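Dear colleague,

Please find the structure below, handed over for your records. A short account of the findings follows it.

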Amino acid sequence: MASTEEEKTGLQEEAITINGSPLSVHKMQTFEHIGSLAAVAQTYGPRSVKSRILMSIYVVLIKAKINVLLPFGPLAVILHYTTGKHGWVFFFSLIGIIPMAERLGYVTEQLASYTGPTVGGLLNATFGNATEMIISIYALKIGMIRVVQQSLLGSILSNMLLVLGCAFFAGGLSHPHKDQVFNKASAVVNSGLLLMAVMGLLFPAVLHFTHSEVHYGKSEVTLSRFSSCIMLFAYASYLFFQLKSHRSLYNPIDSDVGGLGAEEEEQEEEAPEITQWEAVGWLFVLTIWISILSGYLVDAIQGASESVNMPIAFISVILLPIVGNAAEHASAIMFAMKDKLDITLGVAIGSSTQISMFVIPFCVVIGWMMGKQMDLNFQLFETATLFITVLVVAFMLQEGTANYFKGLMLILCYLIVAASFFVHVDPTTDDN
């Protein structure tokens with residue numbers, strides 16, 4: 001018993017003795033505190049900040065395979081000032097924007113992991129369409145109203161037919177022995193909003209082509225501006241409906257299945273790779289770079305159309321939206337292959353809804369402020385294409401199930417649309 005007490009005493013003396021000098025308890029606590037502060041200082045020191053910045057650059061600009069396309073952006077700028085060949089400038093800008101759009105979607109998802117699912121969903125939809133908005137506002141500024149109309153229309157068609165079709169097709173092949181299921185109620189609400197958008201675009205076109213305007217050339221613009229304000233109000237009401245009053249309607253149908261294991265797995269998948277403020281900084285940097293490239297892209301459209309003998313309508317409706325929807329395309333397919341079709345529909349149909357009910361009327365209002373005659377008269381050919389597309393997609397979604405054959409049909413429909421715009425000549429002012 002005595003030997004045990006002596007051992008304890010010896011251990012205590014060793015614990016409070018450093019280099020033969022005894023330390024009081026207070027000094028020991030002070031020493032431990034200083035040690036912890038040193039660790040904190042080391043964590044937030046200059047070396048740590050520098051390594052954190054380098055790691056962030058690696059994750060955003062180097063790690064992803066698609067970043068091999070990044071040099072095409074600077075090359076487009078160099079070609080613009082050295083050669084003046086619009087065809088090369090256009091296609092290099094087009095390729096250079098693809099990784100930027102994908103990285104913008106990635107950074108938005110990283111930021112969404114900090115803000116929660118409600119704000120995160122809105123962020124994903126908004127910044128997923130940031131590329132289209134930037135291109136549209138720049139084109140509107142220099143008076144290329146038809147490019148604005150056709151690129152936004154093409155973005156809706158691309159999301160509803162190509163993106164959704166590829167997602168259904170890939171998801172069906174990944175799960176060949178069953179029909180994938182999604183929340184039918186939310187899909188019906190989005191289909192209704194898309195039909196409302198078709199109504200907003202249809203009446204100015206019909207008013208113009210039936211020559212039934214009270215004031216020719218002015219009534220359709222006035223009607224478009226009024227309808228745009230109504231559509232913006234409808235979209236704001238939809239956000240309140242989705243995020244506040246009827247949030248349960250937008251819950252995934254299998255959200256209660258799977259238990260803790262599924263929740264832990266989902267948390268592991270969504271673990272962010274960059275910090276919140278790094279994500280905000282990258283959003284700022286990527287948006288500026290996309291804005292710069294968009295300027296060169298829009299300036300080169302006319303010259304590219306003439307040099308490669310390709311209709312401007314095809315470039316605006318097919319090529320530009322495929323680039324702008326790069327992030328949505330990749331994420332929609334990925335979620336469909338993971339059997340998360342509710343997220344896939346939120347990406348594809350939700351993005352189409354936001355463009356038709358927010359981005360298009362927003363551009364009309366911005367054009368109103370700029371003094372530009374931007375209206376909702378998208379011409380009969382484009383409006384009819386949108387109307388038929390919305391009907392086809394609405395029929396595909398009404399059962400609440402998806403398989404590879406539905407996806408294949410949507411892709412084939414998109415090929416028909418693409419071929420139609422390849423042989424379509426935009427009517428001149430005299431033809432109108």
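Where in α8 is the kink of about 40 degrees centred? The kink is centred on S158, the bend at a residue being the angle between axes fitted to the seven residues ending there and the seven starting there. Please note that this is a predicted model, in which local features need pLDDT of at least 70 and side-chain atom pairs count only at pLDDT 80 or more, while totals for chains, interfaces and linings use all residues. Residues are numbered from 1 along each chain as its sequence is written, and side-chain values use heavy atoms, with hydrogens and water left out.

Helix α8 covers residues 145–174 (helices are DSSP runs of H or I with at least four residues, numbered from the N terminus). Its 30 residues should span 44 Å at 1.5 Å a residue (1.5 Å times one less than the number of residues), and the end C-alpha atoms are 42 Å apart, which agrees. Of these 30 residues, 27 are buried, so α8 is largely enclosed by the rest of the structure (buried means under 20% relative accessible area, exposed over 50%, partly exposed in between, with a 1.4 Å probe and protein chains only).

L286 lies in helix α12, residues 276–299. L286 counts as buried, because its relative accessibility is 2%. Leaving aside neighbours within four places in sequence, L286 is in contact (heavy atoms within 4.5 Å) with M100, R103, L104 and V107. L286 and A101 are 8.3 Å apart, C-alpha to C-alpha, although 185 residues separate them in sequence.

By contrast, L54, in helix α3 (residues 46–62), is exposed at a relative accessible area of 52%.

Yours sincerely

Terms used. Helix = DSSP H or I, 4+ residues; strand = E, 2+ residues; numbered from the N terminus.
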